[in-house]
Amino acid sequence: MRNIQIFAHRGSKGTHPENTFLAFKEAVRVGADGIEFDVHLSSDDELVVIHDETLDRTTTLSGYVKDFSREELKKADAGCKFSEEFSGEKIPFLGEIFEWAKEHALTMNIELKTDKIAYEGIEEKVVDLIREHHMERRVILSSFNHQSIEKVKELAPELERALLFEGLPPNIEEILAGRKETGFHPDRKSLTEPIHASAKKLGYKVRPWVANNQADIERLADIGVDVIMTDFPERAILLLNDRACQ
Ligand code: G3P
Ligand code: CA
């Protein structure tokens, strides 16, 4: 039995178009324990699942997500830039993911992409939708913008939250001790054994991102993290299952 969970980063991003149902369904197919994805707000205040602030890299539209309505965003092709094979795939919205998740026992790590654009009110909208769909026990809300996580804590203290980091400040232990959240999501390179040990001592779940090759996955498994986020969930699961059998 694996004792480390695997979360498919932006879905199975390495094999399917990121942050689409194709990538999330692949995560289910390979037996991932969770999916990680990113949310932004459209011009009509709908919760859009996409990574970048702009549409250009992953879709056939061009410009900022915030300047397009849901109806306009639904006209974009979010599959063909990854591969022609996936042409016609639509950008998903958070409510659609919650509907689909009713049939699948996955944890959903929702990243609030408020570190570049504030998206006024996005925290309230996400919390309301989680409650509407009764997904309270299925979600982890994370953000690089720790003020967003503070807002979520005020709005919905019952929800699991996590602090995202890219690089770690020298006083990370002090920050973790002061914030009293339950999830610590560092980039994989920054996570050392002593920092992991400190975070665990403070009661944190440690879920580093993103490990894709064997050496990185094994290093994190040896440290004993709770979750590994990866673009290649099938590869990571096979690797960890092999280790469990040895
Ligand atoms: O949530 C972990 C990871 O997704 C953060 O980085 O850029 O892939 O959203 P990014
Ligand atoms: Ca993310």
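## Basis of the report

Residues are numbered from 1 along each chain as its sequence is written, while chains are lettered from A and ligands numbered from 1 in the order in which they are written. In this predicted model, local features need pLDDT of at least 70, side-chain atom pairs count only at pLDDT 80 or more, and totals for chains, interfaces and linings use all residues, with side-chain values taken from heavy atoms and with hydrogens and water left out.

Helices (H or I, at least four residues) and strands (E, at least two) are DSSP runs, numbered from the N terminus.

Asp38 is buried at a relative accessible area of 1%, and Glu111 is buried at 4%. Here buried means under 20% relative accessible area, exposed over 50%, and partly exposed in between (1.4 Å probe, protein chains only).

## Ligand 1

Which residues surround ligand 1? They are His9, Arg10, Glu36, Asp38, His51, Glu111, Lys113, Phe144, Leu164 and Trp209, a residue being counted if one of its heavy atoms lies within 4 Å of the molecule.

An oxygen atom of ligand 1 lies 2.7 Å from a polar side-chain atom of Glu36. For Glu111, the distance from a side-chain N or O atom to an oxygen atom of ligand 1 is 2.9 Å, and for Asp38 it is 3.4 Å. Taken alone, ligand 1 exposes 290 Å², of which the protein buries 91%; these areas come from the Shrake-Rupley method with a 1.4 Å probe, and for residues only the protein chains shown count as cover.

Arg10 is placed in the loop between β1 (5-9) and α1 (21-30). Arg10 counts as buried because its relative accessibility is 12%. Beyond its neighbours within four places in sequence, Arg10 is in contact (heavy atoms within 4.5 Å) with Glu18, Asn19, Ala23, Phe24, Glu36, Asp38, His51 and Arg57. The side chains of Arg10 and Glu18 are joined by a polar contact of 3.1 Å. A polar contact is a pair of N or O atoms within 3.5 Å; within protein, one must be able to donate a hydrogen and the other to accept it, and residues adjacent in sequence count only if both atoms are side-chain atoms. From Arg10 to Gly178 there are 168 residues in sequence and 29 Å in space, C-alpha to C-alpha.

Ser42 occupies the loop between β2 and β3 (47-49) and is buried, at 3% relative accessibility. The side chain of Ser42 makes a polar contact of 2.6 Å with that of Asp44. Not counting residues up to four places away in sequence, Ser42 touches Val48, Val65, Lys66, Phe68, Ser69, Arg70 and Leu73.

## Salt bridges

Side chains of opposite charge can pair when their charged atoms come close. The whole structure holds 22 salt bridges, each defined as a side-chain nitrogen of Lys or Arg within 4 Å of a carboxyl oxygen of Asp or Glu. Asp38 pairs with Lys113, the closest N and O atoms being 3.9 Å apart. This pair links distant parts of the chain, 75 residues apart, with Asp38 in strand β2 and Lys113 in the loop between β4 and α4 (122-132). Lys113 is buried, at 6%.

Within helix α1, Arg29 and Glu26 lie 3 residues apart, about one turn of the helix, and their side chains form a salt bridge (2.9 Å, N to O). Arg29 is exposed at 55% relative accessibility, whereas Glu26 is buried at 11%. Glu123 and Lys151 form another salt bridge, with their closest N and O atoms 3.8 Å apart. Because Glu123 lies in helix α4 and Lys151 in helix α5 (residues 146-155), the pair ties together parts 28 residues apart in sequence. Glu123 is buried at 2%, and Lys151 is partly exposed at 38%. Salt bridges with shared partners also join Arg10, Glu18, Asp52 and Arg57 into one network.
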